[in-house]
Amino acid sequence: MNRLTKIQVWLPYTVSILCAIMFIYAATSKLWDFQQFEVQLGQSPILTTYAEWVAWSVPVTEYILALLLLTERFRLIALYGSLGLMTMFTTYIILVLNFSDYIPCSCGGVLEDMGWTEHIMFNIFFIVLSITAILLSTSGQPHQIQVS
Amino acid sequence: MIANNIHIKLLGTISLGIGLVVILFLSSEKQLHQNNAFTRSYPPHPVIKLYDLDLGYNSYYIAGTDHNEIYLGNSTAPWHLLKVNISSKDTLHIELAPTNKQLRYRSLKVYVSPPFFFVMDGTMPFILRGKVGEWKARPWIEQTAYFNKALPLDSTKILIRTISSTTHQSTLGIIEHFKSPNLILDTSLLRQHIDGVFDVDGILIKNGYGPEVGYVFFYKNQFMIMDSHLKNVSRQRTIDTVEQAQIRVGNQNKKGQISMSAPPLTINKFACMAGRFVLIQSDRLGKNENKAMLDQASIIDVYNYKEGIYAFSFYLYHIAGHKPRAFEIIGNHMVALVGDQLSIYRTIEPFFENLNIIEH
């Protein structure tokens, strides 16, 4: 019981930090060459009409989520947020790969060198992580998290 | 009880994520293709397919016609030319050669306009000319003008599209060479309203059976017909409703390049001109047209530019998932390049006139 409690505490915490690092990295690399990111996003067959709006909101959301992930109080909400965001990214990739006339790329940094399959695996890995973290931090007595 | 609640929340989050993106996707898909403001008419069988000819490569482009024959240039083997006789299916491989063995070039385009053929590179820039049959390309025009598109009109005249050094916008012009090369630009023809380069992008066409030349805009419902001196301009509209190019142009990047910041809405993809007709390929859907059709065939709209009217439309079927990328009318045949195949169709009267008769 004690060991389980420990895992319940440190796993969500680790996952949160991991996600936060990933989000900060992704958002920063997008803003680094923002113009290119905006152009690439605009060239995407899915988001054309919303490109400008999405180009800003994606890195901003990522920063906010990273911040919330590092805050004890909002961690659970932020984990749900990460799950939602990663699901959206994954859906986007699957749609682009299967249903669009051509395939663009709009990721930054190291992520740019990843193939689409690796990208999906990467996303799914983070989705699984956040689900695990959510399950662990809410299972058992909910007050345990607040105590720690 | 608590666990159940969490599962619902998790499922909810995931479905919300998926749902949102799918909705975005569907809405932008719809915006891209559907346009209920115009209606096409598809009469039965204005063209009938005769046969497909296997060319072996998908890098061929149409490099001119002559009576019953079509010349195909090859973008990966620029000095190679293929001559196909439409009625006999005979093919002849031709090797072109420059007289200057040290010739430096970047991207060559060959065009055959009997009795001459032309080898053009708008980036160097030069135009070589040689006699059909002899196939030796001699220096003809050098350094007169850079160009990004060129179409020989006759033995001495080349229609070009270039960037004007004064306006920095796309411009049509004619290089004429009797004794010495002479360049005439008309900056008033391509009327810009966004950047003057992307928004007025399009295709040069010429009437193989008359004196007219034309320019078909990619991103708006317009084409122009002119005489070979770029005079007597007639501006005509296609059946589409997009009057102004719907493109977005980004700012200069660090290398000074400018790119489109959104996929452009392409109205007209490629075109050809023959007799009194302009034929334009368009993927835009009109009223009561099924989007699934675009997976199997490409739509060709036929305009009678002499009368300034839309005539009719027909389908050009894809081969093994490949869309046609160029076509031309030769006499009472239509030829189309589809993947590594050359499709030969017969044009049917009364939809098309018999151009062999008109020519003489």
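This report describes the chains, cores, helix packing and selected loop residues of a predicted model.

## Basis of the description

The model is predicted, and local features are reported at pLDDT of at least 70, side-chain atom pairs at pLDDT 80 or more, while totals for chains, interfaces and linings use all residues. Residues are numbered from 1 along each chain as its sequence is written, and chains are lettered from A and ligands numbered from 1 in the order in which they are written.

## Chain A

Chain A has six helices and zero strands, and its elements follow one another as α-α-α-α-α-α. Helices (H or I, at least four residues) and strands (E, at least two) are DSSP runs, numbered from the N terminus.

Chain A contains 148 residues, of which 39% count as buried. A residue is buried if 20 or more other C-beta atoms lie within 10 Å of its own, exposed if 12 or fewer, and partly exposed in between, with C-beta atoms placed from the backbone. Of the contacts in chain A between residues at least 6 apart in sequence, 75% join residues at least 24 apart. Two residues are in contact if their C-beta atoms, placed from the backbone, lie within 7 Å.

## Packing of α2 and α3 in chain A

Helix α2 (residues 34-42) of chain A packs on helix α3 (residues 51-69) of chain A at an angle of about 130 degrees, and the two axes are 9 Å apart. This angle makes α2(A) oblique to α3(A). Axes here are lines fitted to C-alpha atoms, for helices over the stretch in contact, and angles run from 0 to 180 degrees between N-to-C directions. Angles under 35 degrees count as roughly parallel, over 145 as roughly antiparallel, 65 to 115 as roughly perpendicular and the rest as oblique.

The crossing of α2(A) and α3(A) is right-handed; a crossing is left-handed if the near helix is turned anticlockwise from the far one by less than a right angle, and right-handed if clockwise. On the α2(A) side, the contact involves Phe37(A), Glu38(A), Leu41(A) and Gly42(A), which meet Ala51(A), Glu52(A), Val54(A) and Ala55(A) in α3(A). By class, this contact of α2(A) with α3(A) has five nonpolar, one polar and two charged residues. Ala, Val, Leu, Ile, Met, Phe, Trp, Tyr, Cys and Pro count as nonpolar, Asp, Glu, Lys and Arg as charged, and the others, Gly among them, as polar.

## Chain B

Chain B has two helices and 25 strands. Its C-alpha trace spans about 90 × 55 × 40 Å along the principal axes. Of the 360 residues of chain B, 36% count as buried. Among contacts in chain B with a separation of 6 or more, 45% are accounted for by residues 24 or more positions apart.

## Nonpolar cores

The largest nonpolar core has 77 residues, and those with the most contacts inside it are Ala271(B), Val278(B) and Val335(B). A nonpolar core is a set of buried Ala, Val, Leu, Ile, Met, Phe, Trp, Tyr and Cys residues joined through C-beta atoms within 7 Å. Leaving aside residues up to four places away in sequence, Ala271(B) touches Ile203(B), Ile205(B), Val216(B), Val278(B), Leu279(B), Ile280(B) and Gln281(B). A second, separate core of 27 residues includes Leu69(A), Leu85(A), Phe89(A) and Leu129(A).

## Contact between the chains

The contact takes 26 residues from chain A and 24 residues from chain B. By class, the side of chain B that touches chain A has 13 nonpolar, nine polar and two charged residues.

## Loop residues of chain B

Asp227(B) is placed in the loop between β17 (222-226) and β18 (234-237) of chain B. It counts as partly exposed because it has 13 C-beta neighbours inside 10 Å. Not counting residues up to four places away in sequence, Asp227(B) touches Pro211(B), Glu212(B) and Asn232(B). Leu230(B) is found in the loop between β17 and β18 of chain B. The phi of Leu230(B) is near 60 degrees, a positive value in a residue other than glycine, and Leu230(B) is partly exposed, with 19 other C-beta atoms within 10 Å.

His168(B) lies in the loop between β12 (157-163) and β13 (170-177) of chain B. Its phi is near 55 degrees, a positive value in a residue other than glycine. His168(B) counts as exposed because it has 11 C-beta neighbours inside 10 Å.

## Cis peptide bonds

A cis peptide bond joins Met124(B) and Pro125(B), with omega about -10 degrees; Pro125(B) is in the loop between β8 (116-121) and β9 (126-131) of chain B. A cis peptide bond also joins Glu349(B) and Pro350(B), with omega about 5 degrees. Pro350(B) is found in the loop between β25 (341-347) and α2 (355-359) of chain B.
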